[in-house]
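Have a look around first, then read on.

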Amino acid sequence: MEKETQELFGSFHKNVNYMKERLAVDKSFDIIQLDLEYAGRKMALFVIDGFAKDDILHLLMKFLAQLEPEEIDPDPLTKLLRTYLPYIEIDQSDDLNQAADLVLGGPAALVIEGLDKVIMIDARTYPVRSVAEPDLERVVRGSRDGFVETIVFNTSLVRRRVRDRSLRMEYMQIGRRSLTDICICYLSDIADEQRVEELKDTLKQIDTDGLPMAEKTIEEYISGRHWNPYPTVRYTERPDTASAHLYEGHVLVMIDGSPSVMITPATYWHHLQHAEEYRQKPLVGAYLRFVRFFAVLAAIFILPLYYLFSVNPTLLPSGMEFIGPNEMGVIPLLLQFLIAEIGIDMLRMAAIHTPSSLATALGLVAAIMIGQISVEVGWFSNEVVLYLALAAIGSYATPSYEMSLANRLVRIFLLLAAAAFGLVGYVAAITFWILYITRMETFRVAYFWPFLPFSYRAFRDIFVRTPIPLQSKRPDFLNPKDPDR
């Protein structure tokens with residue numbers, strides 16, 4: 001949808017009144033209008049209190065106060081922009097609507113008598129937390145900085161690591177009312193131009209009032225399959241992880257107000273990689289990756305498989321008869337699993353809403369309730385608690401939080417299929433899951449790549465953390481312009 005424009009009027013007072021009415025200066029205490037007069041010309045400065053850097057605006061006003069009328073004649077706009085307003089981020093606009101929208105984002109608008117342009121001074125600052133290590137992507141060795149909620153800070157964190165002249169930071173706004181700042185980041189010498197243009201076209205087609213949930217709202221617009229539990233983009237709060245994906249040919253999407261950067265496209269296996277694997281020696285990293293894959297597989301399959309062995313002991317090979325509950329408990333086994341799954345999710349949500357000072361107490365209560373009292377009263381058997389704990393550990397070992405939630409739903413689906421149809425249902429459910437996930441696509445890329453379509457080099461790099469000097473090729477599914485690293 002095209003935005004309505006309004007050119008400047010020939011009257012200074014009409015321009016000021018239009019800006020004043022559009023910004024509702026009289027109805028919002030934090031929108032400030034300063035009526036000024038410098039160099040014999042009337043001026044009006046519109047700014048948001050709390051966004052403006054007072055010291056910079058005071059310095060610019062000091063320069064203006066020293067001007068004489070003849071110093072800015074005969075071309076006052078050019079002389080003000082190039083000589084008498086010494087600031088880096090300064091621009092001009094011939095659209096009053098655009099100027100008002102920019103003011104709501106933080107920059108100051110200076111309307112000057114006799115000029116047909118509005119001078120925009122981007123002297124803004126946002127309340128922002130310090131750059132700290134992300135909680136979800138901690139590493140033993142490595143940088144401790146992470147993305148924050150301010151988009152300019154996030155772009156600078158990437159620039160610090162990618163000093164490439166082909167690095168592009170393309171700006172756009174999404175949301176009719178929110179006018180949320182978006183940055184599309186990629187290396188033009190590497191990234192596939194068609195994929196970049198398709199992403200930009202998709203983002204431009206988003207027509208909504210605003211982005212209340214920032215990156216998650218955008219993901220729902222660009223992913224397409226709304227009821228698909230699996231994430232089609234990867235999130236990261238680490239600048240080094242984002243930079244590494246840029247060198248491969250991925251495209252990043254940064255959203256102002258969110259510390260999470262979207263990495264597109266992202267396959268199933270991208271969600272199972274972690275920076276810690278590349279902060280260790282290759283052999284150690286390969287071991288850590290193998291353990292992580294094992295934990296993820298256990299999180300998906302161990303509970304349904306244990307249920308099958310418990311209700312059908314004949315499926316167990318000889319020597320493994322110890323698998324299965326010694327005491328079934330008062331509640332049926334399937335109901336025990338479902339209650340425990342819901343209970344763990346309740347505890348997870350409670351932990352999110354619990355203050356840090358009470359988190360330890362919550363953990364003790366949970367351990368007593370699930371690990372001791374629930375077994376003693378007959379709600380759960382000891383084996384159910386054990387295997388449920390293994391599945392929970394596997395979920396928490398998954399680097400991607402979104403992927404762990406999707407795998408949890410798959411686990412419940414397999415459990416219900418095994419309970420309803422036995423071994424046939426379990427095998428059929430796994431087959432359906434594999435077919436579903438292999439048919440998925442993310443930005444024209446097979447979600448289960450490099451299995452389908454199969455790529456030996458990528459298959460090796462995914463399952464074995466190969467040394468960096470041996471990774472001489474970029475992933476071919478990204479169709480990079482420069483395939484050699």
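## A helix across the sheet

Let's start with helix α8 (residues 215-223), which lies across β6, β7, β8, β9 and β10 and runs at about 25° to β10. Helices (H or I, at least four residues) and strands (E, at least two) are DSSP runs, numbered from the N terminus. Axes are lines fitted to C-alpha atoms, for helices over the stretch in contact, with angles from 0 to 180 degrees between N-to-C directions; contact means heavy atoms within 4.5 Å.

A quick note on the source: this is a predicted model, where local features need pLDDT of at least 70 and side-chain atom pairs count only at pLDDT 80 or more, while totals for chains, interfaces and linings use all residues. Residues are numbered from 1 along each chain as its sequence is written, and side-chain values use heavy atoms, leaving out hydrogens and water.

## The five-stranded sheet

Under what order do the five strands line up in the open sheet? They go β6-β7-β9-β10-β8, with antiparallel pairing. At the edges sit β6 (167-174) and β8 (234-236), each pairing on one side only. On average, neighbouring strands of this sheet are turned by 25° against each other, direction ignored.

Two strands count as paired if DSSP finds at least two bridges between them. Antiparallel β8 and β10 are joined by three bridges, and Y235 stands opposite M262 in β10.

Now zoom in on strand β9 (residues 251-255): five of its five residues are buried, so the strand is largely enclosed by the rest of the structure. Buried means under 20% relative accessible area, exposed over 50%, and partly exposed in between (1.4 Å probe, protein chains only). V251, V253 and I255 point one way from β9, L252 and M254 point the other way, and all are buried.

On one side, strand β7 (residues 180-187) runs antiparallel to β9 and is joined to it by four bridges; C183 has M254 in β9 as its bridge partner. β9 also pairs with strand β10 (residues 261-264), again antiparallel, over three bridges, and here V253 stands opposite M262. The hairpin of β9 and β10 has five residues between the strands, and G257 takes a positive phi near 100° there.

## Over to R22

Finally, find R22 in helix α1 (residues 12-23). R22 is partly exposed, at 40% relative accessible area. Leaving aside residues up to four places away in sequence, R22 touches N97, A100 and D101.
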